[in-house]
Amino acid sequence: MAGGAAAGEAQCLSYAGCNFLRQRLVLSTLSGRPLKIRKIRAKEEDPGLRDFEASFIRLIDKVTNGSRIEINQTGTTLYYQPGLLHGGSLEHDCSPSRSIGYYLESLLCLAPFMKHPLKIVLRGVTNDQVDPSVDVLKATALPLLKKFGIDGESLEIKINRRGMPPKGGGEILFACPVRKVLQPIQLTDPGKIKRIRGTAYSVRVSPQMANRMVESARSILNKFLPDIYIYTDHMKGLSSGKSPGFGMCLTAETINGTILSAELASNPQGQGAAVLPEELGQNCAKLLLEEVYRGGCVDSTNQSLALLLMTLGQRDVSKVLLGPLSPYTIEFLRHLRSFFQTMFKIETKTPEEEHMGGEKVLMTCVGIGFSNLSKTIR
């Protein structure tokens, strides 16, 4: 990438603090620019990288070839010089303190640009209250990848076992084909909602829990539209992981193929008050209606994924209409500017113009013409 150590040093981007670690590592890997992060929790009693961050760095090391990672003794400074994205068949045990979604979100960004198609088994917590669950990423992120031309039979997320916090024990398979270039997208009209689908899952608790969640969610959503189908998923034995719990993931699909999602999970065993399945079902339905109100062509979980793929597209204009930008997305736009010098044109659309929901943002950019180098070398 950069010729000689001096040039490499000059290109190195430097950050402080532990926030947005994943964004920085992912963009560093894609742009080939080395990265130095200092003062990672330097003031805390327990300074340095947490176990889930260390596990994430190990995962990045597995999917790349020739990356250089240096961490000082206290774990407060990290130097990362990205290698080439390699891919292939891999396995990774995720730290149970964050769910598999934490790792999978970043893999979704990297997978299309590997040298070999990625096929990875991730083990850990599949559904928790912090990160997007595997169900939501399967329902929303995969259709989004397809819009950029990343599709085929080998694109899948398969849940082999569910695992709830604190002990986890879940297992999923993620496979993704590689692409040399991405298609530009024009997603400006989300369309009207035509159906709602969902999954109510329960592990190591009575299977009746799932039915109770479904009934209470339907009591709210049926006022909204008739075409609702919520599956119940009760896993038994080994496939139910190591901790009890239940939860729900709902998705609303529009006539134009936009998918919006919401989810909730019960409190981890031994933490917080017990949640009634009826309450959880109703709250999840309300969250989905909230997401529909926010609207846009990509739901709030996948805003940054859509913006990244637009940035890496061919030298052509891509447009996407989003609901209000999440703080995570706003920071992601700043990082895109640092790593790729890409600026988005941001136009706000007021509800009067659109006749529905909250304020929307129309994001426009020209792709940088990123091409998967490994596809041309072979």
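Select helices α4 (residues 100–110) and α5 (residues 134–147); helices (H or I, at least four residues) and strands (E, at least two) are DSSP runs, numbered from the N terminus. Their axes, which are lines fitted to C-alpha atoms over the stretch in contact, with angles from 0 to 180 degrees between N-to-C directions, come within 11 Å and cross at roughly 10°. The two helices are therefore roughly parallel to each other, a class that covers angles under 35 degrees. This is a predicted model, in which local features need pLDDT of at least 70 and side-chain atom pairs count only at pLDDT 80 or more, whereas totals for chains, interfaces and linings use all residues. Residues are numbered from 1 along each chain as its sequence is written, and side-chain values use heavy atoms, with hydrogens and water left out.

Next, display the side chains at this contact (heavy atoms within 4.5 Å). Helix α4 contributes Ile-100, Gly-101, Leu-104, Glu-105 and Leu-108, and α5 contributes Val-134, Leu-137, Ala-141, Leu-142 and Leu-145.

Buried denotes under 20% relative accessible area, exposed over 50%, and partly exposed in between (1.4 Å probe, protein chains only). This core has 82 residues, and Leu-30, Leu-118, Leu-122, Phe-174, Leu-307, Val-320 and Leu-336 touch the most other members. Helix α4 gives the most to this core, with 8 residues. A second, separate core of 21 residues includes Val-214, Leu-221, Met-248 and Leu-280.

Centre the view on Leu-122. Not counting residues up to four places away in sequence, its contacts include His-92, Cys-94, Leu-104 and Ile-172.

Move to Cys-94, which counts as buried at 6% relative accessibility. Its sulfur lies 15 Å from the closest cysteine sulfur, in Cys-109, too far for a bond. The structure holds 0 disulfides, a disulfide being a pair of cysteine sulfur atoms within 2.5 Å.

Select α2 (residues 21–31) next: 11 of its 11 residues are buried, so this helix is largely enclosed by the rest of the structure. Among them are Arg-22, Arg-24 and Leu-30. Gly-32, with a positive phi near 75°, follows α2.

Finally, select Lys-194 in strand β12 (residues 193–203). Is Lys-194 buried or partly exposed? At 36% relative accessibility, Lys-194 counts as partly exposed. Beyond four places in sequence, Lys-194 touches Leu-225, Asp-227, Glu-253, Thr-254 and Ile-255.

Terms used
A nonpolar core is a set of buried Ala, Val, Leu, Ile, Met, Phe, Trp, Tyr and Cys residues joined through side-chain atoms within 4.5 Å. Angles under 35 degrees count as roughly parallel, over 145 as roughly antiparallel, 65 to 115 as roughly perpendicular and the rest as oblique.
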